[in-house]
Number of protein chains: 2
Amino acid sequence: MDSLLLYEKDAIHKCNDWISKKSYSSIHVLCDENTYLHCYKIFQSWDLCENPTVFVISQGEKSKSLHFVEEFCKHCVENNIDRRSLCIALGGGVVCDILGFSASILLRGIDTLYIPTSLMAMSDAAIGGKTGVNFSAGKNQLGTFHFPKLILFHYDFLITLDVRNLRNGFVEMIKHSLLKGEGDFKTISSIVPDRVDELFIKQIKTSILFKNSIVLRDKLDTGERNALNLGHTLGHAIESYLLDNSEDILHGEAIAWGLIYELQLSGILFHKQIDYFQKAIQYLEQFKYKTSFSDTAKQKIVQRLIKDKKKKSGDIHFSLLKEYGLCEIHVKVEMDYILKFLLEQK
Amino acid sequence: MDSLLLYEKDAIHKCNDWISKKSYSSIHVLCDENTYLHCYKIFQSWDLCENPTVFVISQGEKSKSLHFVEEFCKHCVENNIDRRSLCIALGGGVVCDILGFSASILLRGIDTLYIPTSLMAMSDAAIGGKTGVNFSAGKNQLGTFHFPKLILFHYDFLITLDVRNLRNGFVEMIKHSLLKGEGDFKTISSIVPDRVDELFIKQIKTSILFKNSIVLRDKLDTGERNALNLGHTLGHAIESYLLDNSEDILHGEAIAWGLIYELQLSGILFHKQIDYFQKAIQYLEQFKYKTSFSDTAKQKIVQRLIKDKKKKSGDIHFSLLKEYGLCEIHVKVEMDYILKFLLEQK
């Protein structure tokens, strides 16, 4: 079930060896329009495999549907996929999610290899074996656990990303640093998040290894792995609310809001000094989607929370920080309290 | 990953206890038109759960499609399924397959309980955690391994089956007896396959425990479990060929043909005395779909084999009997040899 992670300079070379040894009967690559245009030629130049088939989907979250899973599966079946075939994801989180889900249901499970091309996918989405598509108005309602056999990290792909997309992925790296400890948060906040230099890449590796260590201890997300939801309970509600209002928000920009709110909440519930999480909160301000919320908006965000968690009333479970590097999962907070809390925030 | 099997007289009582202890948040039952009509009231009378939702699909193999998986998943999501919900299959192999597949992809995996109502499902299909639907002209091309938490065997449901459907399921029980040993084959061949009496039920239990013991030793079908394919390589090809010709054939009736041919083949390849498998072959004659195959038909069956196995030429792998109770898996047979062999058979 474990994934082999190749994240050092010799990654492509090692990946080449790994694939040769496996002698796969056929290889099928999934890209989106962007990665097909910008990354596929580079992928070909590595000579990992002969004559793979390629399937290209439209870019963006709207592709994360059962329809595209079905289309990709059809493509694979028509191209004689069998149990000794390999499926490769060359793209961001959406491409990894669709490829992983498809491969998990093709012939009861086909090997996969992920090559994440966005910072969000490298530092977070590609790691941990979760696959899924949006369904019936819900996020990731359909999906499986299906761990890629190998994840190949190629940092040069990040050069093609604009600053906004870099910052988008950087937010999950900040979350990891908060879960790791105060020293780690200090380290990450000293990095320029707009430029992929050596320190930046070092920090990505730290993020990869940190997330992977949590996943290895709780693969099916029944305990400790819940800590990775820090910032995501309110973050998802904010993301859904803004997307419903046709705002052009990225996941990380919503999670920055979620982290800010949930650190404030952590401070209150765990009786910390008023300035204990302030450095982190202030630092996160630059990553959030540039808006503030009216009281009406805050009420709608809480309604969204109720809908997401399928609760009529009662408590919401949060993953909150007791201190830097120490997360408490399943912290129950009453719905009324959350609204009151949000109305008190700026 | 193991399934709890309840197959004794106190099964319903034990199942009741089991469900109470789990305190599921919601329960969703899948039936087909037949089982909704004939079995659902009986299920309700057991009082296993309060207010389950029910979803009914059309009867038969044509329902085994991604479309019905999607419909059932939609039903569950609209009825507020969450990770602590339970899905129940009340039906034959098709209902178990669709329910199991749906539950395996809903929220990355929901608990399931199977209540098989046909002999085919009781003695074979419901056991072993394989789920799947037909897709893009292939059998079970999409599917997962997802073991039901519990399988409840209620033999009274068999009373509603006609003789043809009883005999259909009985073929898999014969296959199990051949894999178990000569003594077991003698026992099963002394049973009247048209009447569910005490001996018959005892034999079902033997079949359940035998299949389950193999599954437990090779859950993901990478080795020993391949033995259960005895009769299925040629059987599937015959089934597909006849279905393509709009013949009204049942799975077991095709597998009876498959077993007859593959026992003949076993005798030849393992140099057995001419009469070694004759008793079994003669006994199986009464279960096969009543037809014989012309030379043209045999050629088409071999073509079907090539298509099923996605081979252009070369070898086909069989699971064959070395002797009663001893199966050899991955026996390579050349395609040309299979055609020659079939043409020599009546």
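Let me start with the salt bridge between the side chains of K211(A) and D124(A), which meet at 3.1 Å, N to O, a salt bridge being a side-chain nitrogen of Lys or Arg within 4 Å of a carboxyl oxygen of Asp or Glu. K211(A) sits in helix α9 (residues 198-217) of chain A and D124(A) in helix α6 (residues 119-125) of chain A, so the pair ties together parts that are 87 residues apart in sequence; helices here are DSSP runs of H or I, at least four residues, numbered from the N terminus.

This is a predicted model, in which local features need pLDDT of at least 70 and side-chain atom pairs count only at pLDDT 80 or more, while totals for chains, interfaces and linings use all residues. Residues are numbered from 1 along each chain as its sequence is written, chains are lettered from A and ligands numbered from 1 in the order in which they are written, and side-chain values use heavy atoms, leaving out hydrogens and water.

Over all chains the count comes to 36 salt bridges, yet between chain A and chain B it is zero. At that interface, 25 residues of chain A are in contact with 24 residues of chain B (contact means heavy atoms within 4.5 Å). The buried area is about 2400 Å², with carbon and sulfur atoms giving 63%; this is the accessible area, for a 1.4 Å probe, that the two parts lose on being put together, summed over both.

Within chain B, helix α10 (residues 232-244) packs against helix α13 (residues 295-308) at an angle of about 110°, with axes 9 Å apart, the axes being lines fitted to C-alpha atoms over the stretch in contact and the angles running from 0 to 180 degrees between N-to-C directions. α10(B) and α13(B) are therefore roughly perpendicular, a term covering 65 to 115 degrees.

How values were computed
Helices (H or I, at least four residues) and strands (E, at least two) are DSSP runs, numbered from the N terminus. Angles under 35 degrees count as roughly parallel, over 145 as roughly antiparallel, 65 to 115 as roughly perpendicular and the rest as oblique.
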